[in-house]
Amino acid sequence: MQPRRLRLKHDVDPRVAIGILTEAITAGGNIVASVPAGTGIGPDALRLSDGYVGWVEGLERALQSLSFDFDVVEALQTNRYWRIRQLHEEPVRPTQLVEAEIRQQTGWLQALRDDLQLRVDRIDAARGDPVVLDTNVLLEFVPPRQVDWISVTGAESVRLIVPLRVVEELDVFKYDRRRQDRAERARGILPQLEASVGSAGVPSELRAGTTIEVLIEPSPRYRPTDADEEILDTCRELQQYRGGRVTLVTADTAMRLRAQASRVAVLRMPSQYSRRRANAESG
């Protein structure tokens, strides 16, 4: 099965990857046109198969330079790929065979490229310094609308980002019968969060100088068992695609240490915004 997402190496600029995929798609489409049409085995058919195999080999090297995902490279080595390598032994319709394989592979590459472009466009959807919220910030502190994020972060404008994994964790917590207090907080914050963001989670103004959004993956996402790892991975990807600093806000000590180890900027959520303190002051 061909992967629908290309997980880039951390030092790869997504815009460079989009350019490489675009060039590969164009080169693949030119292979059949460069050789006279024919159905028999002969010099032109062998030249056609050689051109295709050379394209795949170059594409493998390019993908290996962009990603550590072995599934992406293995997806190039289909049954048709191996048949094309053996055309001198197999009197089949070479032009149609190669053309069908190129059509399939370039279509898949276009899907990978379009997914990368969607991610780039998503990063450009709002201004402000990206600030990723950990689950405990939504559970243990006052609603985001009540926080002066400009003061907390020291930024001129703030773009609050809630990973989808955080929303999923809150959805699980709202059914937790062992922790009724936490379940009630989760049930309370989820409707507020949904009302604050735009349709499909897109950025929406929360307060002056601050937007909020739920980060929805445009394709099947990497979803490790460890929720913290996925949240950190979201931070790393945002840094890579934005090309600048991304800050994680959390009240969890272990998460702060893991963020520091991952070279993700991290802030401790100020205690002045804790729900307990706010409830005590209002009581």
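In this predicted model, isoleucine 161 has glutamate 213 of strand β4 as its bridge partner. Isoleucine 161 also stands opposite valine 132. Strands β2 and β4 are joined by six bridges and pair in the parallel sense. Strand β1, which comprises residues 129-133, likewise runs parallel to β2, and four bridges connect the two.

The sheet is open and contains six strands, arranged in the order β3-β4-β2-β1-β5-β6 with mixed pairing. Its edges are formed by β3 (204-207) and β6 (265-268), each of which pairs on one side only. From one strand to the next, the twist averages 35 degrees.

Because six of the six residues of β2 are buried, the strand is largely enclosed by the rest of the structure.

Nonpolar side chains tend to be buried together in soluble globular proteins. The largest nonpolar core here has 77 residues, and those with the most contacts inside it are Tyr52, Leu109, Leu133, Trp149, Val162 and Leu248. Helix α5 (residues 94-123) gives the most to this core, contributing nine residues. Leucine 133 illustrates how separate parts of the chain meet: leaving aside residues up to four places away in sequence, it touches Leu138, Pro144, Trp149, Leu160, Ile161, Val162, Pro163, Val166 and Val249.

Helix α9 (residues 180-196) lies across β2 (158-163), β3 and β4, and runs at about 110 degrees to β4. With 17 residues, α9 reaches 25 Å from its first C-alpha to its last, close to the 24 Å expected at 1.5 Å a residue. Its buried residues are Arg182, Ala183, Arg185, Ala186, Ile189, Leu190, Leu193 and Ser196. These residues lie on the same side of α9, because they cover an arc of only 155 degrees around the axis. The face turned away from the buried side of α9 carries the exposed residues Glu184 and Ala195.

Helix α1 (residues 14-33) can be examined in the same terms. At 1.5 Å a residue, its 20 residues should span 28 Å, which agrees with the 30 Å between its end C-alpha atoms. The buried residues of α1 are Pro14, Ala17, Ile18, Leu21, Ala24, Ile25, Gly28, Ile31 and Val32. They cover an arc of only 140 degrees around the axis and are therefore on the same side of α1. On the other side of α1, Glu23 and Ala33 are exposed.

Alanine 200 lies in the loop between α9 and β3. Although alanine 200 is not a glycine, it has a positive phi of about 60 degrees. Its relative accessibility is 61%, so alanine 200 counts as exposed. Arginine 263 is found in the loop between α11 (253-261) and β6. The phi of arginine 263 is near 60 degrees, a positive value in a residue other than glycine. Arginine 263 is exposed, with a relative accessible area of 75%.

Alanine 155, in the loop between α7 (149-153) and β2, counts as buried because its relative accessibility is 10%, under the 20% cut-off. Not counting residues up to four places away in sequence, alanine 155 touches Asp129 and Ile150. Glutamine 117 is 38 residues from alanine 155 along the chain, and their C-alpha atoms are separated by 27 Å.

Conventions
Residues numbered from 1 in each chain as written. Predicted model: local features only at pLDDT ≥ 70, side-chain atom pairs only at ≥ 80, totals over all residues. Heavy atoms only, no water. Pairing = 2+ DSSP bridges. Axes fitted to C-alpha atoms, helices over the stretch in contact; angles between N-to-C directions. Contact = heavy atoms within 4.5 Å. Core = buried A, V, L, I, M, F, W, Y, C linked by side-chain atoms within 4.5 Å. Buried < 20%, exposed > 50% of the residue type's maximum accessible area, 1.4 Å probe, protein only. Expected span 1.5 Å × (residues − 1). Arc of directions from axis to C-beta.
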